[in-house]
Amino acid sequence: MTAKKSSSETVHIIGAGLAGSEAAWQAGSAGVRVVLHEMRPDRMTEAHRTDGLAELVCSNSFRSDDAANNAVGLLHAEMRRLGSLIMRAADANQVPAGGALAVDRDGFSAAVTKALQDHPLIEIRRGEVAGLPSADWSNVIVATGPLTSAPLADGIRALSGEDSLAFFDAIAPIVHKDSIDMSKAWFQSRYDKVGPGGTGADYINCPMTKEQYDGFVDALMSGEKTDFKDWETNTPYFDGCLPIEVMAERGRETLRHGPMKPVGLTNPHDPTVKAYAIVQLRQDNKLGTLYNMVGFQTKLKHGAQQRVFRTIPGLENAEFARLGGLHRNTFLNSPKLLDSQLRLRAQPRLRFAGQMTGCEGYVESASIGLIAGLYAAADTRGTALAPPPATTALGSLLGHITGGHIETIDAGPGSFQPMNINFGLFPPLANPPTKKPDGSRLRGNEKTVAKKQAMSARALSDLDRWIADHLRVAAAA
């Protein structure tokens, strides 16, 4: 009979959603003993209905499976290369959904549950981990998601020093910079102010006439809004982060004296005419490929957002890396609180994974669980695992979580917000494609398609090299 490994050699994973389940699978597959803690069915959440692991509580779609043209499809492909249990179960329980990967949710959860139950190195323990994990657990992954139980959330809050982990999070839309019409917009900071890390030309500005502003306010106030879920109704707005339509309801001129004030800015395209209102966009990531709409937190439904925000001059053809949203969320200020391997700086025995770290979406959460499991297994073996390349979907998402945002360029808030995977998080191509295989020039949307395909090809090539250089060596050890 094989002796059990000591607690110091065991990875404890709290939460058996997609991230926790994937982390357990990766660590167990690396030869490490795992205890996977799941409080259901002893204690249920407001959203879960079963005791199955990796239960899908919202959609049954993992979104696009197109690895050549879509960032989430690329993430699917990368996870498959890394032996992902979540992707294996999804593929085995696929239901028709066009180009998307959608699953039979019961079959999917059952497949994940059985695989983890059958794994010889994984023990599933039912029951709530109330408060911070036991001090003798030296290697812990917290993957409890947005519905983290109150005792554990309180413990994390006290340890991290953050004021709050749960609030109505009203998030502003984020736009791909290369989709903004700079023949109408321009770069300038208000009064050309050079703040910390700024140049005096740090914002993209989109001007409005009075007629355009009035039409925008009308559309904003009449646009269809999201409704609260029953279990969200007692959670307050995050102070200082009011949705833009709530501000507009306080008076037609409120926005002109708030996020859309036109003072201190001169339109170089028409310098003698003062704009009636101005929408500003601020750089959102270090690469400078994404810009967020300053002060445009919103609870408009996604279709209404695209329709209303594309009436803004310069944003008529805007491509959104993410649209705004309003929901109860529990996530860490990860770039401040976590190191590059997802460990809590204040207590490195605790590693975080999944939606808590600041990613959104089933696949994104599972992918961060995947890398957390690999990191935890490496720690147990006393080895170091290099991060996946920033050019990969997994690496770019990890980079966003652990430091891909910018702190601030003025007195405004930091830019870190939960994000789905998108090509705006990837480093730009050194030599973007300009010609078709036949030698003719790429035009219009052809350039966008070719660029995405080149980024995807680069990602898979770089991931294969990383697997060969790091994971196969680790497996042999």
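What follows is a short exchange about a predicted model.

Biologist: How many residues of helix α10 are buried?
Modeller: Start with its extent. α10 covers residues 362–381 and has 20 residues. The helix is mostly covered. The number of buried residues is 17 of 20.

Biologist: How far does α10 reach from its first C-alpha to its last?
Modeller: At 1.5 Å a residue, 28 Å is expected for this helix. The value in the model is close to that. The reach is 29 Å.

Biologist: Which residue just after α10 takes a positive phi?
Modeller: α10 ends at residue 381. Just after the helix, the phi is about 75 degrees. The residue is Gly382.

Biologist: Is Gln94 buried, partly exposed or exposed?
Modeller: Gln94 is found in strand β4, residues 94–95. Its relative accessibility is 44%. Buried means under 20% and exposed means over 50%, with partly exposed in between. Gln94 therefore counts as partly exposed.

Biologist: Which residues does Gln94 touch, leaving out those up to four places away in sequence?
Modeller: Contact here means heavy atoms within 4.5 Å. With residues up to four places away left out, the list is Ala100, Leu101, Ala102 and Val103.

Biologist: How far apart in space are Gln94 and Gly107, C-alpha to C-alpha?
Modeller: In sequence, Gln94 and Gly107 are 13 residues apart. In space, C-alpha to C-alpha, the distance is 9.2 Å.

Biologist: Do β11 and β12 run parallel or antiparallel?
Modeller: β11 spans residues 203–208, and β12 spans residues 277–283. Six bridges join these strands. The strands run antiparallel.

Biologist: Which residue in β13 stands opposite Arg282?
Modeller: β12 also pairs with β13, residues 290–293. That pairing is antiparallel, over three bridges. Opposite Arg282 stands Asn292.

Biologist: In the hairpin of β12 and β13, which residue takes a positive phi?
Modeller: The hairpin has six residues between the strands. The phi in question is near 75 degrees. The residue is Gly288.

Biologist: How many disulfides does a search of the whole structure find?
Modeller: A disulfide is a covalent bond between the sulfur atoms of two cysteines. The search needs a pair of cysteine sulfur atoms within 2.5 Å. Across the whole structure, the number found is zero.

Biologist: Is Cys359 buried or exposed?
Modeller: The cut-off for buried is under 20% relative accessible area. Cys206, with 0%, is buried. Cys359 has 0% relative accessibility, so Cys359 counts as buried.

Methods. Residues are numbered from 1 along each chain as its sequence is written. This is a predicted model: local features need pLDDT of at least 70, side-chain atom pairs count only at pLDDT 80 or more; totals for chains, interfaces and linings use all residues. Side-chain values use heavy atoms; hydrogens and water are left out. Helices (H or I, at least four residues) and strands (E, at least two) are DSSP runs, numbered from the N terminus. The expected span of a helix is 1.5 Å times one less than its number of residues. Buried means under 20% relative accessible area, exposed over 50%, partly exposed in between (1.4 Å probe, protein chains only). Two strands pair if DSSP finds at least two bridges between them.
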